[in-house]
Amino acid sequence: MPVMEMESRSTDKRIDDLNARMSESFQRVHREIDGIDERMTEGFKRVDRDIAGLDKRMTEGSKRVDRDIAGLDKRMTEGFKRVDRDIRELRGDIKSIDARFDAMHRTMMRGFFAIGGITVSLFLALAGLQGL
């Protein structure tokens, strides 16, 4: 067999071996990529489920906060109405007390004037009795 023919066969065999190894390597890379793709797809599905769950919990939480705020607003409104009623009642009580103090003041002033008038009358009467 001539040398050229032997080199040609040897080169062909090495090229065939290289082709086989490259083909096997590419198949392995494709399998790994397919595995990565499957894991990524599953991971994205899991993230989507987690986000959907988070969105649901946030929506429920927002509704709960809205209900709490509405309840708080109602209780505050009722509280302010009670405070307003209490203030009006207190103002009425103060006016009533003020009126009673005014009446008591008038009575005391009349009493002072009456006592003063009686004292003057008695003084004059006593002076008149002594001057007789």
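Is Glu42 buried, partly exposed or exposed? Glu42 is partly exposed, because its relative accessibility is 37%. A few notes on the rest follow.

1. Some ground rules. This is a predicted model, where local features need pLDDT of at least 70, side-chain atom pairs count only at pLDDT 80 or more, and totals for chains, interfaces and linings use all residues. Residues are numbered from 1 along each chain as its sequence is written, and side-chain values use heavy atoms, with hydrogens and water left out.

2. On the exposure words: buried is under 20% relative accessible area, exposed is over 50%, and partly exposed is in between (1.4 Å probe, protein chains only).

3. There are two salt bridges, meaning a side-chain nitrogen of Lys or Arg within 4 Å of a carboxyl oxygen of Asp or Glu. One of them joins Arg49 to Glu42, at 3.8 Å from N to O. Arg49 has 49% relative accessibility, so it counts as partly exposed.

4. Asp17 and Lys13 also pair up in a salt bridge, at 3.9 Å from N to O. They sit about one helical turn apart, because four residues separate them in helix 1 (helices are DSSP runs of H or I, at least four residues, numbered from the N terminus). Asp17 is partly exposed at 37%, whereas Lys13, at 53%, counts as exposed.

5. Then look at the surface patch of negative charge: Asp84, Asp86, Glu89 and Asp93 gather there. Patch members have over 30% relative accessible area and no salt bridge, with like charges joined within 9 Å. Asp93 belongs to helix 1, residues 3–131, and is partly exposed, with 41% relative accessibility.

How values were computed
Patch = residues over 30% accessible without salt bridge, like charges linked within 9 Å, V, L, I, M, F, W, Y side chains within 5 Å. Areas by Shrake-Rupley, 256 points an atom, 1.4 Å probe, with all protein chains shown as cover. Lys, Arg positive; Asp, Glu negative; His and termini not counted. Charge placed at Lys NZ, Arg CZ, Asp CG, Glu CD. Helix = DSSP H or I, 4+ residues; strand = E, 2+ residues; numbered from the N terminus.
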